[in-house]
Structure formats: structure tokens, C-alpha cells
Amino acid sequence: MTIAENILVLKKQLPEKVRLVAVSKTKPVSALMEAYQVGQRMFGENKALEMVSKQAVMPEDVEWHFIGHLQTNKVKVIAPFVACIHSVDSLRLLCEIDKEARKCGRNISCLLQFYIASEETKFGLDLDEAMELLGSEIFSALQNITITGVMGMATFTDDMDQVRNEFRSLRIIFNRLKTAFFQDQPTFREISMGMSDDFQVAVEEGSTMVRIGSTIFGARILQKSMSS
Ligand SMILES: *Cc1c(COP(=O)(O)O)cnc(C)c1O
């Protein structure tokens, strides 16, 4: 199947209110354009410089989602245009995003990334750390970021019960934070979870945004590192 066909098939499988972030990391602009031509507008990248070089040549109405581990020194290159950063895992990073967003006269949507998997390699906060971050004075002074929800990655396993439990734990975290900090804020509404192999389970567990790469664009050549 072509990229265009893959997108259309996927869209049919997703409930209308679940949005699709097409994860285009490592793929050439020609592949992104094929997706764009069938109406895809949200694209996900995990390396800052790769996202910048694609943004420079793609149409202006693309919504760029940063989904990888973000180093503070790379925030400034994506701050002028990034729509949402899914991978915020520290107050320090959030302060840097706020600072760079202010320089651009922007407000940047951020998701708090949670560690829900049983693997050592995944980045993210736990509930206590997030509570401390959101309750801090430093956080309350930030004006150029909006926390719009949470993000998580399940363990890479065939055990779908485990995957389901991990997604469920992220939804419980979302609900707790909503009650404790965002009760009157409709902007706090996203649960970014679900990838090619597990998005159906994620949708059943309340995902509002799935991040799908290989099902759309085909397998990737292995990347050496997770860093941006
Ligand atoms: C690569 C990646 C995805 C997409 O993975 P696929 O299995 O190719 O769909 C989703 N989320 C994050 C954070 C990723 O790094």
C-alpha cells in the first residue's frame, strides 16, 4: 500500500475525536508530502535539527509535534514554530521552553511525559514528580507554555494485557492531575498514547492522540540513539 492509502485506512480505524500524529522521523520530505496530500497536517519528529530542516521546506500549515527526548540547548531551534512538545520531563526543560517561547512571542503547548513502562530506557516523570513540578512557584510563574496533557509509551512487548494496564495507568495519572491542578482548564485535555503496534488498545483506554510512524511510512532504518 502507498503512504496515502495507509493514512486513509488508519483514519477509518480511529474514532473521529482521536487525532493522528504521523511520525515521520528518518523519512524524506517526499514521504511527508504524500501524507500531506491526503490531508495529514500533524507530523511528529524526534530530532530537533531534522524537524527544523523539514519545517523549512514543508507547507506552512503543518502542525509540528516534537516527540523525542529534547535537550535544553536544542529548544531554541524549534521554539519559533513547534506546535506541541510531547516529551517534557523536567521543570528545567519547561523553563527553557518558556524562555524561548517568550523570545518568539509565542505560547507553546507541552505534554508531561510519564514513565509507565517496565523498561529502563524510557524517559519520563512519575506522579509524585509531576505533582511537585505543577505545585511549584517556579512553574506557576511561567507564562509562555501551556500544559495541555500527558504522554507515555508502553513497554515493547506482545503482552497486550500489560500494555493495556500501562495505558490505563496514564489515564489515571491524567485524571488525578486534572482534578488537582486543571479542574477549570479545558486546555488540559490530551492523552498522547498509542503507536503502530498498540494504538488500538490505547484508543480503548482513552487516547486522544496517537503517534504512528511505521504503519504509515514503512519500517525505519534503526536509529542509533534516542537523543536529539
Ligand atoms: C518512533 C516513535 C513513535 C512511532 O512509532 P511506530 O512504532 O513507528 O508507530 C511514537 N512515539 C514516539 C515517542 C516515537 O519515538
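A: A salt bridge is counted here when a side-chain nitrogen of Lys or Arg lies within 4 Å of a carboxyl oxygen of Asp or Glu. The model to which this rule is applied is a predicted one. In it, the side chains of glutamate 205 and arginine 164 meet in a salt bridge, with 2.8 Å from N to O. Glutamate 205 lies in the loop between helix 9 (199-204) and strand 8 (209-212), whereas arginine 164 lies in helix 8, so the pair ties together parts that are 41 residues apart in sequence.

The two partners may next be considered by their accessibility. Residues under 20% relative accessible area are called buried, those over 50% exposed, and those in between partly exposed. Glutamate 205 has a relative accessible area of 3% and is therefore buried. Arginine 164, with a relative accessible area of 23%, is partly exposed. The pair also belongs to a network of salt bridges that links Arg164, Arg168, Arg171, Glu204 and Glu205.

The structure as a whole holds 12 salt bridges. Another of them joins the side chains of arginine 41 and aspartate 61, at 3.0 Å from N to O. This pair links distant parts of the chain, 20 residues apart: arginine 41 is in the loop between helix 2 and strand 2 (42-45), and aspartate 61 is in the loop between helix 3 (48-57) and strand 3 (63-66). Arginine 41 is partly exposed because its relative accessibility is 29%. Aspartate 61 is likewise partly exposed, at 43% relative accessibility.

A further salt bridge lies within one helix. Lysine 54 forms a salt bridge with glutamate 50, and their closest N and O atoms are 2.8 Å apart. Because the two residues are four residues apart in helix 3, about one helical turn separates lysine 54 from glutamate 50. Lysine 54 has a relative accessibility of 5%, so this residue counts as buried.

Glutamate 132 counts as exposed, because its relative accessibility is 63%.

Phi of threonine 26 is near 70°, a positive value in a residue other than glycine. Threonine 26 is partly exposed, at 34% relative accessibility.

Contacts between aromatic rings complete the account. The structure holds four aromatic pairs. In one of them, the rings of phenylalanine 182 and phenylalanine 188 have centres 4.0 Å apart and planes at 0°, so this pair is stacked. Both phenylalanine 182 and phenylalanine 188 are buried. Ring pairs link Phe174, Phe181, Phe182 and Phe188 into a cluster.

Key. Residues numbered from 1 in each chain as written. Predicted model: local features only at pLDDT ≥ 70, side-chain atom pairs only at ≥ 80, totals over all residues. Heavy atoms only, no water. Buried < 20%, exposed > 50% of the residue type's maximum accessible area, 1.4 Å probe, protein only. Phe/Tyr/Trp six-rings, centres within 6.5 Å; stacked < 30°, edge-to-face > 60°.
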